[in-house]
Amino acid sequence: MKKTVYLSMAVFFTVLLLSCKEDEEMNPTGSFTVTIQNISEGKAYFDAGMTDVILPGSNYSFSFHAGKGHYLSFATMFVQSNDLFYAPEDTGIELYNAAGEPLTGDVTGMVHLWDAGTEVNQEPGFGSDQAPRQSGPDTGMNENGNVILLVDVNDGFSYPSDQEILSLVIEHDGGTMFTVTINNVSDAGSFQTPLAPGTWVVHGEAQPLFSSGAVASGDLEDLAEDGINGPISDGLIQNSGFVTPFAPGVWAVYTMSNPIYSVGQSSSVDLESLAEDGDPSGFPGSLNGVSGVESFDIFTTPMGGASPAPIFPGEQYTFEFDAQPGDKLVFATMLVQSNDLFIGGVIDLFQNGPPVSGDITSQLHLYDAMTEVNEYPGAGINQAPRQSGPDTGTSENGMVNLVNDGFDYPAVTDMLRVSVTSRQN
Ligand SMILES: [Ca+2]
Ligand SMILES: [Ca+2]
Ligand SMILES: [Ca+2]
Ligand SMILES: [Ca+2]
C-alpha cells in the first residue's frame, strides 16, 4: 500500500517536472489577427464652392484642382426671370480629354439657359414675381414641371442669346489647377441682368445639380427662383473632398531590421511597385530567406471579396500569423490616390508579456517612397487611378521619408483603422 503511494507520488513529480521543463523550453507564442479597415467617409464629389453675384460688366473667377475624369458643374440664376439659370449639361463639363489634355479657352457654347420648372415664366425683365420685383422669396405660380432647356420650353417670350449675357473662360494654370471666369457681358447688349450668387462643383460621372427632364431639388429651386445659393452649396461642400482606396499590401513578422522599408534608406523595387502601383507581388520572393524574417505574406483580397482589389470606404483586409516575444510586425499599403505614398507601421507584438491586441492605428504613419514626384492628391495624371500604365511619373531620390510635400492629407486615423486581436498559445 505504502509502496503504491510512493510510486504514484514519484510519477506525479516526474510528470510535474517534465511539464515544467516543457514550459521552460517552449516559448509562449501568440496567434494574431490583423484587420485593416478603410474608414474614410465616402464623398460624392471632389471639390465645391460658391460664386458671388456678377453684375453687368463684371466677372467672377474661382480656382480648383481637378484630374482626368473630373467634370465641372455650376449654376447661376438669370436674375430677370422667374426660375431660369445658366449651367452646363447636367453631367458637367469634362475637364480633360481622353489623352489627358486639359480643357482651356472660351467654352461659352457649353453653357445653356435652363428652366427649373418650379415657377411659371413671366416676360423676362417685367414679371412681378421675378426676383427683382417680387414681394419675397418663393413668390410666383407653381409650375410643377421638370428641369429642361429653355429652348424646349416655348413660353412665347423672347430671350437674349446666351452669348449676349455671359461668357465662360477656363484657364489651365499648370499641373492640376484650373481657373474659371464667368463674365457678365450683358452690359454690352440691350438686355441687362445680374447673375445671382451661384454654386460650383468638381465631380466624377454624376449629375450633382439636377437631371435634365427631372424635378428640381428644393435647393436648386431656391437658387433658380431667388438666387439663394447657401443650401445647395453647403450640401455640395459637405459632400466633397479627398477620398482614397488602399491597395493590396504586404506584412512581415521579424526580429531584426524592418525588411519592407526604413526611413532614410532607399526604396526597393518591390516597395516602389507597392507604393506607386499598389502591386505587392514582388515581396513574397524577396522576403524569402531574409535573416530575421519569420513569416510574411501579401494581402490582396478584401474581406468578403472574390478577387484581389483595393479596399474602398467600409471595406477591409485581414491576415493572421503566429509570433513569439521579441517579434515585430510591419506592414505597408498604398494610399491609392497618390504617386507613391503608403501607410505603414511597426508594432511590437508582445508588450510586458502578453500578446498585444486592440486598435494600433495611432502607431501608423503616412510615408513617401520618394520614387515618384507627388502631384495634387486625387488629381495627378501620374497617380495610379489615372496614369497610362504602371511606373509612370517623374522619379525622385528614392529615400523613404515621412510625407512632407505641402499638400493636405487626412490624418491616418481618419482614413484607416487597424486593429489586432490575439490569444496566447
Ligand atoms: Ca419656369
Ligand atoms: Ca418668384
Ligand atoms: Ca513621392
Ligand atoms: Ca505613377
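This is a predicted model: local features need pLDDT of at least 70, side-chain atom pairs count only at pLDDT 80 or more; totals for chains, interfaces and linings use all residues.
**View 1. The calcium ion (ligand 1) and its protein donors.** The donor atoms come from D83 (OD), D83 (OD), D115 (OD), D115 (OD), E119 (O), N121 (OD1) and E143 (OE), and they lie 2.3 to 2.8 Å from the ion. Along the chain, the donors of this ion follow the spacing D-x31-D-x3-E-x1-N-x21-E. E119 and E143 both lie in the loop between β8 (112-115) and β9 (148-149), so the pair ties together parts that are 24 residues apart in sequence. E119 counts as buried because its relative accessibility is 1%, whereas E143, at 26% relative accessibility, counts as partly exposed.

**View 2. The calcium ion (ligand 2) and the residues that coordinate it.** E119 (OE), E119 (OE), D129 (O), Q134 (OE1) and T139 (O) coordinate the ion at 2.2 to 2.5 Å. The spacing of these donors along the chain is E-x9-D-x4-Q-x4-T. Q134 has a relative accessible area of 13% and is buried. T139 has a relative accessible area of 22% and is partly exposed. The two residues fall into separate classes because buried means under 20% relative accessible area.

**View 3. The calcium ion (ligand 3) and its protein donors.** D340 (OD), D340 (OD), D368 (OD), D368 (OD), E372 (O), N374 (OD1) and E396 (OE) supply the donor atoms, which lie 2.1 to 3.0 Å from the ion. In sequence, the donor residues are spaced D-x27-D-x3-E-x1-N-x21-E. N374 and E396 are both in the loop between β19 (364-368) and β20 (401-402), and this pair links distant parts of the chain, 22 residues apart. N374 is buried, with a relative accessible area of 14%. E396 is partly exposed, and its relative accessible area is 27%.

**View 4. Helix α3 (residues 218-226) and its buried residues.** Which residues of helix α3 are buried? They are L220, L223, A224, E225 and D226. In an α-helix there are 3.6 residues a turn, so residues three or four places apart point the same way. The buried residues of α3 pack against the strands β4 (71-77), β5 (84-87) and β12 (198-203), and against the helix α4 (230-238). After α3 comes G227, which has a positive phi, near 65°.

Methods
Residues are numbered from 1 along each chain as its sequence is written. Chains are lettered from A and ligands numbered from 1 in the order in which they are written. Side-chain values use heavy atoms; hydrogens and water are left out. Donors are N, O and S atoms within 2.8 Å of the metal (3.2 Å for Na, K and Ca); water is not among the atoms, so sites may look incomplete. Buried means under 20% relative accessible area, exposed over 50%, partly exposed in between (1.4 Å probe, protein chains only). Helices (H or I, at least four residues) and strands (E, at least two) are DSSP runs, numbered from the N terminus. Contact means heavy atoms within 4.5 Å.
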